[in-house]
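Welcome! Let's walk through this structure together, one piece at a time.

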Amino acid sequence: MNDPQGEIRRIAQNIERVILGKSREVQLATIALVSNGHLLIEDVPGTGKTMLARALAISTGCTFNRVQFTPDLLPSDVTGVSIYNQKRGDFEWRPGPVVAQIVLADEINRATPKTQSALLEAMEERQVTVDGVTRPLPQPFMVMATQNPVEYEGTFPLPEAQLDRFLLRVRLGYPDQADEVAVLEGQQERHPIGDLQPVIAPERILDLQAAVRSIWVDPLIKQYIVEIASGTRSHPAVFLGASPRGSLALFRCAQAQALIAGRDYVTPDDVKELAPFALGHRIIVSPTAQARETDASTVVQETLQRVPVPGARAGTR
C-alpha cells in the first residue's frame, strides 16, 4: 500500500463535506472502519447521526443498507428468512438488510432486546445463521448503530453483551453557531450528500485494516492498556468494568490512530486519547455512584490518572 495515511485522510475529508465541524468524530468513525470494528453513535435526534453513516458508506464505495429499528421489528427482519419456493419445491433464503458492507442500525434502542440481539452473531462472527445454515457476510463489514439517549420515550437499553461488541461510542453533539449557519447555507438548494462520490474502493479498506494490524505496539504499551482496563474493574464506583474485549478494542484503535498520524508505532497518548471512546460504554456504574452523579467517563478519567504512563517520570502522568 502506497499511502494509507493519505487514503484515510481523503475518506475523512470527503465525509466532512457533509458533517461540518465534527472532525474528531469523523476521525473516530474512520478509526472504527479501518480497525474492523463497529460504531455506536449516541445523541439527540437531528445531530447528523444517520448522515454520518451514509457519508461513510458513499465515501468508501461500500454497499449500504439501513434498518429502521421499531418496537415491532422481528429478528428475521434483520437477518433474513427462508421462504418456500413452490416452483422449485424447496426453501430459498431471502437475505435481510444486515447483508451489506456497511449497515446502519437506525435508532437501535427503539427495538426490543430480542431483536437487538439479532445483530450479535453478525457483529462478532461476520456471519448470520438462518434455519441452521450459516452464511458469511460481505467484507469489509461494519455496523453503525444510532441511538437516542435512554431517557427518551420509547427506548430500550441495549444489552451489555451487545454494547461490548461496539468498538467505539461517540457523541456528535450540537454544532456551534458558525457551523450551523454553514449547514443552512449548504442545504439551501439541495443536500450536499447528493454530490458525494467514493474516494476509495471497498477492497482498499481490507488493505487498510491489514496496515493497522501491522503497527508496532511496545510490550509496555500493551501492559498499559491492560492496566487501564483492569483499573476500571477495581474502581469503587463500578459494578461492571471493561472486558478483555475492551482491552483489545483500545489496542486496535490505538494502532489505527498511529497509522492516521503517519507513525508505525503506538504512543501512550494514543491510548489515553481513545480510552474514553473505547471503554466508556463497557462500564456499568453502581447505583450508589450514579446517585453521586458519577458516570463512566469519570471512571475512565480517574483510572487514567491512577495508572502510571510507560516512560513517564516518577510522579507524573
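Let's begin with two strands: strand 3 (residues 80–85) and strand 4 (residues 90–95) pair in the antiparallel sense over six bridges. Strands pair here if DSSP finds at least two bridges between them, and helices (H or I, at least four residues) and strands (E, at least two) are DSSP runs numbered from the N terminus. Across this pairing, Ser82 has Trp93 in strand 4 as its bridge partner. Together the two strands form a hairpin with four residues between them, and Gly89 in the turn has a positive phi of about 75°.

A word on the background: this is a predicted model, where local features need pLDDT of at least 70, side-chain atom pairs count only at pLDDT 80 or more, and totals for chains, interfaces and linings use all residues. Residues are numbered from 1 along each chain as its sequence is written, while side-chain values use heavy atoms, leaving out hydrogens and water.

Now turn to the helices. The axes of helix 2 (residues 23–34) and helix 12 (residues 268–279) come within 12 Å and cross at roughly 80°, with axes being lines fitted to C-alpha atoms, for helices over the stretch in contact, and angles running from 0 to 180 degrees between N-to-C directions. Arg24, Leu28 and Ile31 of helix 2 meet Glu273, Leu274 and Phe277 of helix 12, contact meaning heavy atoms within 4.5 Å.

Finally, look at the cysteines. The structure holds zero disulfides, a disulfide being a pair of cysteine sulfur atoms within 2.5 Å. The sulfur of Cys62 lies 18 Å from the closest cysteine sulfur, in Cys253, so the two are too far apart for a bond.
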